[in-house]
Amino acid sequence: MAEQRDGALVLTGDLVVWTLAQLPGGRAGRIDAAGLGRLDTAGAWFLIGQREAGAEIAGLSERHSQLLDSVARAMASPDPAPAPLPGWRRLLEDVGRRVVSGLIFFRELAEYLGRFIAALLRAIRHPADFRLTSLVHHCQETGLRAVPIVAIMSFLIGVVLAFQGSTQLRQFGAEVFVVDLIAISVLRELGILLTAIIVAGRTASALTASIGSMKMREEIDAMRTLGMDPDMVLILPRVLALIVTLPILGLVSDVTGLLGGAIMSWIELGISPSMFLARLGDIAVGHAVVGLVKAPVFALIIGVIGCHAGMKVGKDAESLGSMTSTAVVNAIFAVIIADALFSIFFSVVGL
Amino acid sequence: MSSEAENVIEVRGLRTQFGSHVVHDGLDLDVKRGEILGVVGGSGTGKSVLLRSIVGLLKPAAGTIRVFGQDVGALSGPAREAVERRWGVMFQDGALFSSLTVRENVEVPLRAVPGLGDQQRQGLAELKVAMAGLPWNANAKFPSDLSGGMRKRAGLARALALDPEIVFLDEPTAGLDPIGATAFDRLIVSLRDALNLSVFLVTHDLDTLHACCDRIAVLAEKKVLTTGTMSQMLQVDHPWVHEYFHGPRARAAQVTDRAADRDEG
């Protein structure tokens with residue numbers, strides 16, 4: 001309890017962290033602490049603050065003044081805060097930092113691409129250093145395991161396209177062009193793009209998590225000291241597995257997408273499978289090639305971004321989580337950008 | 001510290017088990033007000049398990065644990081919170097919240113205090129950080145930027161935030177260099193003297209036992225085998241205790257202890 005009496009603040013009872021909030025704010029002229037019960041460091045901190053502000057403290061018991069002394073000794077003197085920068089300079093500095101970190105990010109991506117290519121060339125010159133088992137394992141992880149989800153997704157995309165296309169095209173009596181619609185959109189764009197996005201979500205996160213947790217536990221440093229090259233052991237098999245499997249997944253996606261489209265066209269428009277195939281034969285191959293050519297490039301992008309993010313993981317678990325989500329977002333974004341560049345390129349070339 | 005000081009912790013007949021694996025069976029232990037009790041034992045004898053049982057992180061299979069005279073197993077709701085506010089726990093690696101700065105970490109328990117203003121809370125947190133022996137600039141750092149020793153100190157600062165009467169320390173000097181460990185030992189003793197803390201200290205470090213502990217409790221054979229001062233421990237003729245306190249490391253610790261006594265005397 002605290003009460004004002006004759007211009008002095010009279011403290012009675014306990015002065016502890018729980019009662020600190022009941023004290024009057026502001027500076028007291030004189031403090032009478034004779035009736036004080038329990039005093040803890042929070043109370044001592046309050047009394048020291050008052051004493052430094054010029055208050056006079058009377059009636060402290062021996063024990064309490066000892067505590068006051070030891071708290072006063074421990075109290076830190078704050079470092080002078082640096083003078084705040086003017087607003088425009090902070091803004092400029094912030095923009096500059098972001099630009100530089102963006103450029104550094106691209107430089108590092110180029111570095112990891114280079115490291116992958118160097119490792120690949122080394123593996124070609126010295127095939128004995130290449131880890132085939134690891135490659136097969138990662139092909140299974142990124143390729144085989146992704147087949148069901150890719151197939152179901154593409155099948156449904158084909159179904160949806162046929163269904164939506166048929167209702168639109170029927171108005172013009174041009175139902176048979178639904179085959180062209182499905183073939184062009186699935187083979188050229190959607191099949192491979194959606195597959196790449198799914199793989200980016202599945203595999204880029206897995207790459208970052210697996211390499212990142214090894215980085216966190218210093219396994220990668222241990223590898224280096226044992227004479228193993230992390231580029232050969234970790235990056236090469238993972239990225240190469242992606243480059244091998246993504247075109248295959250793209251092909252699976254193309255086939256199941258067309259299958260879904262064909263089934264829906266049969267049900268909805270009565271276009272028989274043989275008619276669908278005959279119409280498809282005229283246009284399919286060129287579009288399928290244009291679509292699948294993109295696959296290895298997407299694979300490279302996903303692999304390099306995933307491995308780079310894994311290597312950037314720090315010592316704490318938090319950075320592992322944040323780098324994993326960054327890797328997925330960056331990989332998906334980069335795949336879509338690359339797809340846009342491809343479509344510009346193909347239209348300029350006239351494919 | 002009078003010898004008939006009240007017991008702040010009383011463990012009676014404690015039995016803890018995980019499945020069929022019995023860790024403690026019929027364990028009794030007292031911690032007196034104002035003393036530093038060192039708990040030692042081989043790996044896997046359940047030192048940390050004992051600590052976790054006392055603070056209520058593990059539920060014992062049998063037995064009672066009384067802290068400040070209250071059976072903590074039977075408490076719930078506000079009564080339990082009231083007891084929890086009177087102790088602080090420092091985990092092995094500090095167990096700091098990684099998304100908060102050191103000062104914000106220490107502020108977390110202070111947020112439970114009703115009516116405490118932002119300024120007061122910050123000031124108190126900075127005081128606790130300084131009392132734990134951290135430099136001023138550590139306040140704004142994140143746990144990932146700190147060394148192991150600094151993280152332990154920050155964990156101690158958080159354990160001390162509400163001025164507890166009992167502090168539980170889980171291997172406070174493990175993984176510290178000898179200089180840092182010695183400084184930490186001194187810090188514990190000086191805080192005990194200044195705040196009249198009772199300290200429950202789990203350790204492997206013989207130097208810490210020599211430098212800090214008023215009493216030592218040896219955990220073996222699923223119970224507290226013996227308790228007593230360092231000199232009493234040296235008399236015990238149980239093979240493990242003898243090996244522990246008379247091994248080559250123990251002798252080295254005694255020598256440095258005597259040297260330190262000479263320096264101070």
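## Contacts of B:Leu201 and the nonpolar cores

In this predicted model, B:Leu201 is in contact, once its neighbours within four places in sequence are left aside, with B:Ile36, B:Leu37, B:Gly38 and B:Val39, as well as with B:Leu169, B:Pro172, B:Cys212 and B:Cys213. B:Leu201 also belongs to the largest nonpolar core, which holds 93 residues, and together with B:Phe200 it touches the most other members of that core. The element that gives the most to this core is helix 4 of chain B, residues 118–131, from which six residues are drawn.

Apart from this core lies another one, made up of 66 residues, and its members include A:Leu161, A:Leu190, A:Ala200 and A:Val304.

## Architecture of chain A

Chain A has 10 helices and four strands, and the order of these elements from the N terminus is β-β-β-α-β-α-α-α-α-α-α-α-α-α. Of the 351 residues in chain A, 37% are buried.

## Helix 6 of chain A

Helix 6 of chain A covers residues 178–216 and bends by about 55° at A:Val186. Just after this helix, A:Glu218 adopts a positive phi of about 65°.

## Annotated transmembrane regions

An unreviewed UniProt entry lists residues 144–163, 190–211, 232–252, 289–311 and 331–349 of chain A under "transmembrane region". Two of these annotated spans can be described from the model's geometry. In residues 144–163 of chain A, the end C-alpha atoms lie 29 Å apart, and the span is 85% helix and 0% strand. In residues 190–211 of chain A, the end C-alpha atoms lie 30 Å apart, with the span being 100% helix and 0% strand.

## Interface between chains A and B

Where the two chains meet, 20 residues of chain A are in contact with 20 residues of chain B. On the side of chain A that touches chain B, helix 1 (41–52) and helix 2 (62–74) of chain A each supply at least two residues. Sorted by class, that side of chain A consists of 12 nonpolar, three polar and five charged residues.

Definitions and conventions:
Residues numbered from 1 in each chain as written. Chains lettered and ligands numbered in written order. Predicted model: local features only at pLDDT ≥ 70, side-chain atom pairs only at ≥ 80, totals over all residues. Core = buried A, V, L, I, M, F, W, Y, C linked by C-beta atoms within 7 Å. Buried ≥ 20, exposed ≤ 12 C-beta atoms within 10 Å, placed from the backbone. Contact = placed C-beta atoms within 7 Å. Bend = angle between axes of the 7 residues up to and from the residue. UniProt positions renumbered as here; feature names shortened; annotations may be inferred. Nonpolar A, V, L, I, M, F, W, Y, C, P; charged D, E, K, R; others polar.
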